[in-house]
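Colleague: I am new to this structure and would like to go through some of its terms with you. Could we look at it together?

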Amino acid sequence: MADIGPAYTAARLAHRGLALIDNRTRVLVQDKIALKATGILYWFMNTGAAVTITGKGRSANLDIGGVRMQAKILYALPQAVFTVDSAAPLPLSPNPAGQNANAGVHRLTMRLIGIDSLAIG
């Protein structure tokens with residue numbers, strides 16, 4: 001587990017773990033997060049792939065030129081679901097002049113409200 005907490009000012013702790021599983025055919029990404037106060041938690045993954053949400057929002061199929069990957073929410077709160085939108089900066093995010101417009105980039109998102117801590121993978 002890597003300590004990624006310094007990048008997140010609203011977190012008391014934030015750790016990310018990566019593991020190769022199933023004979024190195026799959027990658028498991030696991031995040032453990034504890035916020036300083038109850039709030040909204042976002043998880044993002046930007047990609048140039050075409051994204052299709054499946055499994056009642058609990059999985060997403062990504063495809064770039066026939067190369068496919070599936071992202072799944074293995075465990076988390078029942079309201080944890082994926083959505084997909086453009087990778088443009090969020091309304092309250094910095095958007096300095098000259099920043100890449102992320103044309104053709106999608107953002108796979110999980111948004112959880114009323115969270116103070118959780119482990120997602």
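Colleague: What phi does G55 take in the hairpin of β4 and β5, and how many residues are between the strands?

Modeller: G55 takes a positive phi near 55°, in a hairpin with 4 residues between the strands. Please keep in mind that this is a predicted model, in which local features need pLDDT of at least 70 and side-chain atom pairs count only at pLDDT 80 or more, while totals for chains, interfaces and linings use all residues. Residues are numbered from 1 along each chain as its sequence is written, and side-chain values use heavy atoms, with hydrogens and water left out.

Colleague: What makes β4 and β5 a pair?

Modeller: Strands here are DSSP runs of E with at least two residues, numbered from the N terminus, and two of them pair if DSSP finds at least two bridges between them. Strand β4 (residues 50-54) and strand β5 (residues 59-64) have 5 bridges in the antiparallel sense, so they meet that definition; within this pairing, V51 stands opposite L62 in β5.

Colleague: Which strand is joined to β5 by 6 bridges?

Modeller: That is strand β6 (residues 67-72), which runs antiparallel to β5, with I64 opposite V67 in β6. The hairpin of β5 and β6 has 2 residues between the strands, and G65 in the turn has a positive phi of about 55°.

Colleague: Why is T109 called buried?

Modeller: Buried means under 20% relative accessible area, with a 1.4 Å probe and protein chains only, and T109, in strand β8 (residues 106-120), is therefore called buried because its value is 5%.

Methods: Buried means under 20% relative accessible area, exposed over 50%, partly exposed in between (1.4 Å probe, protein chains only).
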